[in-house]
Amino acid sequence: MKKCLLFIPAFFLFVSFITGIVPDLIKSLKSGNAHDTAGYFDNTIEITVPGQSISVDKQQAEVILQNFFRDNPVKDFKVIHQSKNETSEYCIGTLLTTNGAFRTTIYTKQKNGQDLVQELRFEK
């Protein structure tokens, strides 16, 4: 019985850790869908793709991401490390494409009660 009582708080701690937008964002990255991915962006986002690192509005970031996905069709995404606190979330992973692997960094921050992507990086 004591083990069960210890398990319950640990389970809820784990569930609260994995909630947030990153799991949904990873699903949209795996699909290579720029429009769905951009739905998680803040109004302004820092986006890095090979040859370009720029702070742009949500719509421009979607176009940059769409071009990146067109040039690098997505095969999969693997999480390497993920961390979350009360107001932000961070994920490092590898985006696997037909043109190779890209180290991917995602940084989200809570604004007005909503988690939004502040930074998205794809580095070869």
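Predicted model: local features only at pLDDT ≥ 70, side-chain atom pairs only at ≥ 80, totals over all residues.
1. Buried here means under 20% relative accessible area, and exposed means over 50%.

2. Helix α2 spans residues 22–31, and its buried residues are V22, L25, I26, S28 and L29. Viewed down the axis of α2, these buried residues fall within an arc of 165°, so they line one face of the helix. An α-helix has 3.6 residues a turn, so residues three or four places apart point the same way. K27 and S31 lie on the other side of α2 and are exposed.

3. What do the buried residues of α2 pack against? Their partners are two helices, α3 (34–38) and α4 (58–71), together with the strands β3 (74–84), β4 (88–97), β5 (100–111) and β6 (114–123).

4. G32 follows α2 and has a positive phi, near 70°.

5. T105 sits in strand β5. Is T105 buried or exposed? Its relative accessible area is 9%, under the 20% cut-off, so T105 counts as buried. With neighbours within four places in sequence left aside, T105 is in contact with Y90, C91, E119, L120 and R121.

6. N112 is located in the loop between β5 and β6. N112 is not a glycine, yet its phi is positive, at about 50°. The relative accessible area of N112 is 83%, over the 50% cut-off, so this residue is classed as exposed.

Terms used. Residues numbered from 1 in each chain as written. Heavy atoms only, no water. Buried < 20%, exposed > 50% of the residue type's maximum accessible area, 1.4 Å probe, protein only. Helix = DSSP H or I, 4+ residues; strand = E, 2+ residues; numbered from the N terminus. Arc of directions from axis to C-beta. Contact = heavy atoms within 4.5 Å.
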